Amino acid sequence: MHIIFVGPPGAGKGTQSARLSRLLGLPHIAAGDLLRAVRAQDTPLGHTAKQYMDAGQLVPDDVTIQIIEQRLAQPDAKDGAILDGFPRTLTQAKALDESFARHNSSSHGNEIVLYLKASRGVVLERMKGRWICQQCGSVYHIPNVAPTEAGQCDVCGAPLFQRSDETPEIQAKRYEVYEHDTLPIVDYYRQHGTLMEINGEQDVENVTRDILAAIDARKAALIALEPRVSGGIEGLTSKPTWRGRGDQSRPIW
Ligand code: AP5
């Protein structure tokens, strides 16, 4: 199954994607992280990415689509992945549909789009307080999701830093770009019947709980369609395996 996160900057897409990746054993593909890696290179493509990202603008579709398609073609993403921050435009959403049809036939049609809703005020506050581990990428928020030791990652002990696009001006611009360029894809996925809305303003645990319930509901809906496909929907059997420990155990299809 492909899990696609849509939502404003700072809504918690990265935080929830990392948790789901651990719980469901699916790779977490973060468009922003892939583009930051490109931007760090002293190449024409790196310079292009830097120019757009430093302005709070979206990197051009052709560049972003190519980078995501290459990542989705890796063997670990063959049967599913968690997409964080892609697609963000209608052109990207349509390219993704075509890519699934071409390369991921086993899970094509099993997508779920999680629309993580949060107001402008909430997301601007979250971005302001965000700190990231330099080494393992764990995300914190001060004071909401604070590390045990100030300035130090709980997971690997490395120092925490703030992203270079976390100035108030760039954050405000990113929100504006989201409203103009990304919100239209919510309607696109709503019309496709794959969209589930999640209240992203709750605490981290409750957001995860609602996301897992939405995924279960989507899987149940897909299983209800099962008789139409001989032997069941490929990549989605009615016998789940289980991953995780204690209350966090979830059925994995
Ligand atoms: P990207 O890195 O994807 O940034 P974004 O979408 O703006 O998302 P963020 O990473 O800011 O937020 P998030 O929703 O992941 O929230 P997080 O979990 O960190 O993109 C950066 C740039 O790359 C773009 O501006 C663009 O230039 C380019 N780009 C990326 N994708 C592109 C694409 N598809 N096309 C073209 N260009 C693209 O959480 C935020 C904070 O809140 C954290 O501190 C966290 O600890 C805290 N928090 C999270 N959840 C909660 C909660 N429930 N309660 C309290 N605090 C919480």
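Leaving aside neighbours within four places in sequence, Leu 83 is in contact with His 2, Ile 3, Ile 4, Phe 5 and Ile 29. The model described here is predicted, and the protein chain contains nine helices and 10 strands. Of the 253 residues in the protein chain, 34% are buried, and among the contacts with a separation of 6 or more, 67% are between residues 24 or more positions apart.

**Nonpolar cores**

- The largest nonpolar core has 44 residues, and those with the most contacts inside it are Ile 3, Leu 83, Val 113 and Leu 114.
- Strand 4 gives the most to this core, contributing five residues.
- A second, separate core has five residues, including Trp 131, Tyr 140, Cys 153 and Leu 160.

- Another open sheet, of three strands, has the order 6-5-7 with antiparallel pairing.
- Strand 6 and strand 7 stand at the edges of this sheet, and because each has a single partner strand, one side of each is left without a neighbour in the sheet.
- Strand 5 (residues 130-133) is where Trp 131 is placed, and this strand runs antiparallel to strand 6, to which three bridges join it.
- Arg 130 stands opposite His 141 in strand 6, while on the pairing with strand 7, which is antiparallel over two bridges, Ile 132 stands opposite Phe 161.
- Strand 5 and strand 6 form a hairpin with five residues between them, and Gly 137 in the turn has a positive phi of about 80°.
- Trp 131 counts as buried because it has 21 C-beta neighbours inside 10 Å, where the cut-off for a buried residue is 20 or more.
- Not counting residues up to four places away in sequence, Trp 131 touches Tyr 140, Ile 142, Leu 160, Phe 161 and Gln 162.
- The C-alpha atoms of Trp 131 and Gln 152 are separated by 9.8 Å, and these two residues are 21 residues apart along the chain.

**Cis peptide bonds**

- The peptide bond from Phe 86 to Pro 87 is cis, with omega near 5°, and Pro 87 is found in the loop between strand 3 and helix 5 (90-103).
- Ile 142 and Pro 143 are also joined by a cis peptide bond, for which omega is about 15°, and Pro 143 is found in the loop between strand 6 and strand 7 (160-161).

**Surroundings of the ligand**

- The ligand is surrounded by 35 residues, of which the closest are Pro 9, Gly 12, Gly 14, Gly 32 and Arg 130.
- The elements that give two or more residues to this shell are helix 1 (13-24), helix 2 (31-39), helix 3 (44-53), helix 6 (120-128), strand 6 (139-141) and helix 9 (204-224).
- By residue type, the shell around the ligand divides into 15 nonpolar, 14 polar and six charged residues.

Methods:
Residues numbered from 1 in each chain as written. Predicted model: local features only at pLDDT ≥ 70, side-chain atom pairs only at ≥ 80, totals over all residues. Near = placed C-beta within 6 Å. Helix = DSSP H or I, 4+ residues; strand = E, 2+ residues; numbered from the N terminus. Nonpolar A, V, L, I, M, F, W, Y, C, P; charged D, E, K, R; others polar. Core = buried A, V, L, I, M, F, W, Y, C linked by C-beta atoms within 7 Å. Buried ≥ 20, exposed ≤ 12 C-beta atoms within 10 Å, placed from the backbone. Contact = placed C-beta atoms within 7 Å. Pairing = 2+ DSSP bridges.
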